[in-house]
Amino acid sequence: MLTLKNVSKTFNKGTVNEKKALNCLNLHLEEGDFVTVIGGNGAGKSTMLNMIAGVNPIDCGIVEIDGVNVSRDPEYKRARYIGRVFQDPMMGTAAGMQIEENLALALRRGKRRGLSWGIRGGEREFYKNELSKFELGLQNRMTAKVGLLSGGQRQALTLLMATLEKPKLLLLDEHTAALDPKTAEKVLELTKKIISEQKLTTLMVTHNMRDALSIGNRLIMMNEGSIIFDASGEEKKKLTVEDLMKKFGEASGGKFANDRMMLGT
Amino acid sequence: MDGILMAFQGALSQGILWGVMVLGVYITFKLLDIADLTVDGSFALGGCVCAVMIVNYNMDPIAALLMATLSGVLAGAVTGILHTVFDIPAILAGILTQISLWSVNLRIMGKSNIPLLQTSTVFIGFSEMTGIEQSESALIIGLLVAACMVLLLYWFFGTEVGSALRATGNNENMVRALGVDTKFMKLIGLMISNGLVGLSGGLVCQSQKYADINMGTGAIVIGLAAIVIGEVLMGRLTSFHSKLIAAVAGSAVYFLIRAVVLQLGMNANDMKMLSAVIVAIALAVPVMSAKISQSRGYDPEGKEKG
């Protein structure tokens with residue numbers, strides 16, 4: 001479903017701030033793969049997701065989604081294949097617009113937008129139905145401005161928006177990191193439910209190693225812009241947090257894991 | 001007394017004709033979150049094009065208004081391209097277009113003003129057709145055009161493209177992630193906005209019977225002041241069409257205030273200062289009141305004040 005071949009990205013090339021964020025990255029995801037991505041700060045996890053989504057152009061290599069080479073397509077063109085949820089709950093929704101307007105925008109992801117009415121007759125029922133599955137009570141507030149919702153509600157809404165029109169690839173960039181533990185758990189439960197129901201191919205970046213181990217069928221660990229560890233199926237199931245810490249220690253040349261990774265355990 | 005009433009009626013129709021421009025400013029300032037300074041230039045451009053088309057080319061006044069609108073659309077496209085293709089900050093892109101339009105407008109007219117004394121206008125045509133007085137026909141046509149534009153905008157911003165455009169001003173990152181070319185949306189927004197501004201310039205030119213190189217100076221500030229006044233008047237109404245109506249109403253009230261102030265003997269040249277002060281106060285009040293309530297609420301003893 002997704003193939004990255006020799007993808008590299010260097011930010012601020014030729015300046016003192018030069019930063020090699022991705023270093024000849026190779027990755028292949030089969031359809032239905034649910035991959036968790038871990039690694040220290042600056043390992044290139046978010047950059048990898050951004051390069052797949054086309055936020056910035058890549059320096060070299062190929063990005064293929066469902067057999068289509070999208071390496072040089074801008075972000076808005078790739079959007080037809082990709083659903084995304086960001087770390088910041090403010091980023092995935094339009095605060096000044098109504099819940100149903102946000103959903104209507106999301107339903108048209110990647111489609112041609114014309115001069116027909118922005119929300120058509122039957123859609124509202126569909127949105128209500130989908131929202132009621134979340135059990136947040138949002139189905140009764142369809143015309144409320146999204147800016148009035150809490151961070152958790154907005155993140156749940158973003159999740160629904162990303163998957164309303166089934167994406168070929170779902171990218172979750174630490175989408176529970178900015179939420180309180182209880183809300184994070186709830187959003188994560190919703191995430192698991194949606195992914196398993198729709199059998200979505202997913203890349204989920206997380207700082208929580210326990211989540212990374214318990215969720216999904218494959219785990220990759222990144223360091224300095226490369227994938228340094230890749231476990232799937234039975235191998236992944238046997239992994240423990242201690243194993244990951246050890247792997248991480250080896251990869252980073254004996255340096256101890258950073259604070260956030262420690263706290264994440 | 002009659003003189004004063006006439007003055008107020010004139011101010012009201014001026015306000016509504018300018019209200020079409022305010023609708024344009026509303027699109028960029030409120031929906032796209034861009035302070036588009038092209039407006040000063042494109043308003044004068046609309047007036048100049050309209051005058052030249054009528055006087056030099058004997059064009060029908062309605063067709064001349066269409067040309068004025070089109071010229072505004074083009075001016076908006078220039079700002080839009082500078083902003084979206086070359087990543088020039090919107091405010092600077094607007095200033096560049098505005099400055100260059102000064103020269104363009106002089107080139108179009110060949111001199112700094114053109115009177116429309118011997119020619120027909122939409123207002124003369126309308127009063128001849130219906131037999132109403134010319135001063136009233138300005139008000140009626142103004143209301144008709146403004147109502148049509150409000151309806152048109154209400155329809156457009158409810159469509160799929162229009163929703164995407166509103167969302168672009170709201171959260172650009174999200175809209176791009178949902179497959180919308182946000183640069184194209186900004187370009188369209190600037191073109192529609194300045195099209196309205198050009199149309200308004202043409203209407204004002206025909207109603208005052210001359211086009212002048214200076215007629216757009218300070219237009220953006222008038223537009224912002226009118227939006228602010230409209231929000232104060234109709235702030236509790238939140239639906240989109242009432243906000244559009246509020247923008248036009250704000251413009252009418254602005255010109256009425258202006259008429260009152262002038263009647264009270266204020267120098268007309270001080271009006272721009274007054275407009276700027278109105279806008280500055282309107283922008284400053286919410287910020288200052290938040291700061292003041294924050295610092296008043298501070299309590300070293302750790303007790304929160306209700």
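Student: Where in chain B is confidence lowest, and where is it highest?

Tutor: The lowest mean, 86, belongs to helix H12(B), residues 271-297. The highest, 98, belongs to H3(B). Where pLDDT is low, the predicted coordinates should not be read in detail. For the model as a whole, the scores are ipTM 0.88 and pTM 0.90.

Student: Where does Glu160(B) sit, and which residues does Glu160(B) touch?

Tutor: Glu160(B) lies in helix H7 of chain B. Leaving out residues up to four places away in sequence, its contacts are Arg108(A), Arg113(A), Gly114(A), Ser116(A) and Gly118(A). A contact needs C-beta atoms within 7 Å.

Student: How many residues make up the contact between chain B and chain A?

Tutor: Chain B brings 19 residues, and chain A brings 25. On the chain B side, the elements giving two or more residues are H7(B), 160-170, and H8(B), 172-177. H7(B) gives the largest share, 8 residues.

Student: What is the make-up of the chain B side that touches chain A?

Tutor: It divides into 7 nonpolar, 8 polar and 4 charged residues. Gly counts as polar in that tally.

Student: What makes H3(B) and H9(B) a packed pair?

Tutor: Two packed helices are described by the angle between their axes and the distance between the axes. For H3(B), residues 61-84, and H9(B), residues 182-208, the angle is about 145 degrees and the axes are 6 Å apart. The crossing is right-handed. Their contact holds 14 nonpolar, 15 polar and 2 charged residues.

Student: Turn to chain A. How do you know that S1(A) and S2(A) pair?

Tutor: The rule asks for at least two bridges. S1(A), residues 2-11, has 7 bridges to S2(A), so the pair qualifies by that rule. The two strands run antiparallel. One facing pair is Leu2(A) and Leu29(A), the latter in S2(A).

Student: What makes S2(A) and S5(A) edge strands?

Tutor: The open sheet has 4 strands, ordered S2-S1-S4-S5, with antiparallel pairing. S2(A), 19-29, and S5(A), 68-69, each pair on one side only. Helix H1(A), residues 45-53, packs on this sheet. H1(A) touches S1, S2 and S4 (60-65), and its direction makes about 65 degrees with that of S2(A).

Student: In which sense does S9(A) pair with S3(A), and in which with S10(A)?

Tutor: With S3(A), residues 34-39, the pairing is parallel, over 5 bridges. Val37(A) has Ile220(A), in S9(A), as its bridge partner. With S10(A), residues 226-232, the strands run antiparallel over 6 bridges. There Met221(A) is bridged to Phe229(A) of S10(A). Both counts pass the mark of at least two bridges, so both pairs qualify.

Note on methods: Residues are numbered from 1 along each chain as its sequence is written. Chains are lettered from A and ligands numbered from 1 in the order in which they are written. This is a predicted model: local features need pLDDT of at least 70, side-chain atom pairs count only at pLDDT 80 or more; totals for chains, interfaces and linings use all residues. Two residues are in contact if their C-beta atoms, placed from the backbone, lie within 7 Å. Axes are lines fitted to C-alpha atoms, for helices over the stretch in contact, and angles run from 0 to 180 degrees between N-to-C directions. A crossing is left-handed if the near helix is turned anticlockwise from the far one by less than a right angle, and right-handed if clockwise. pLDDT is the predictor's confidence in each residue, from 0 to 100.
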